[in-house]
Amino acid sequence: MASFAVKSLDHVVLTAKDIDATVKFYTTKLGMKHETFASDGIDRYSDPRYFNTLFQANTSSLCSLTLSSQHRHALRFGSQKINLHLSGKEFEPKARHVQPGSADLCFITDHPIDEVLSGWQSAGIEVLEGGKVVERTGAVGNLRSVYCRDPDGNLIE
């Protein structure tokens, strides 16, 4: 028996061939928010703690602080996010066998699924399963789903 129980999922990581194309798909087609952050966890582009440090630092420490971090990308939705790794330049640690297009993700929306379907069709997104809403079973019960693929071929439900 486990000594603890998992409460929820914080984030998953997708390996992408093209970060810009992935960000564009998930923000414009699924309504997620793009965010950037450094490998040390500080969002250097919007975190006021960084800018306060920036203006208090001298030039040599500023250079070392800027050069020591790596620019990363994530897609935020609800209280979860998807971190993005560029294929061939993944951050460590990483999954043992990373590969673009190997994920199968199911997202929940409050938006009527028939409107999601028509919106995807209007946007020229290829809808799988005959281009129709299908009945499925998810973690919390029955779902009405539509399927497509992201730019890397990951299955999106």
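Predicted model: local features only at pLDDT ≥ 70, side-chain atom pairs only at ≥ 80, totals over all residues.
1. Start with helix H1 (residues 19–28): H1 lies across strands S1, S2, S3 and S4 (80–86) and runs at about 160 degrees to S4. Lying across here rests on contact, meaning heavy atoms within 4.5 Å. The angle is taken between axes, which are lines fitted to C-alpha atoms (for helices over the stretch in contact), and runs from 0 to 180 degrees between N-to-C directions. Helices (H or I, at least four residues) and strands (E, at least two) are DSSP runs, numbered from the N terminus.

2. Residues are numbered from 1 along each chain as its sequence is written, and side-chain values use heavy atoms, with hydrogens and water left out.

3. Now the sheet under discussion. It is open, with 4 strands in the order S1-S4-S3-S2 and mixed pairing. Its edge strands, S1 (11–16) and S2 (33–38), each pair on one side only. Neighbouring strands are turned by 30 degrees against each other on average, direction ignored. Two strands pair if DSSP finds at least two bridges between them; S2 and S3 (residues 71–77) have 6 bridges, in the antiparallel sense. One to look up: Phe37, whose bridge partner in S3 is Arg72.

4. Which residues of helix H4 (residues 113–122) are buried? They are Ile113, Val116, Leu117 and Trp120, where buried means under 20% relative accessible area, exposed over 50% and partly exposed in between (1.4 Å probe, protein chains only). Because they cover an arc of only 100 degrees around the axis, they sit on the same side of H4; the arc is that of the directions from the helix axis to the C-beta atoms. An α-helix has 3.6 residues a turn, so residues three or four places apart point the same way. The buried residues of H4 pack against S7 (141–145), S8 (148–149) and S9 (155–156).

5. Have a look at Arg136 too, which is found in strand S6 (residues 134–138). Arg136 counts as partly exposed because its relative accessibility is 29%. Leaving aside residues up to four places away in sequence, Arg136 touches several others, including Glu129, Leu143 and Glu157. The side chains of Arg136 and Tyr147 are joined by a polar contact of 3.1 Å (a pair of N or O atoms within 3.5 Å; within protein, one must be able to donate a hydrogen and the other to accept it, and residues adjacent in sequence count only if both atoms are side-chain atoms).
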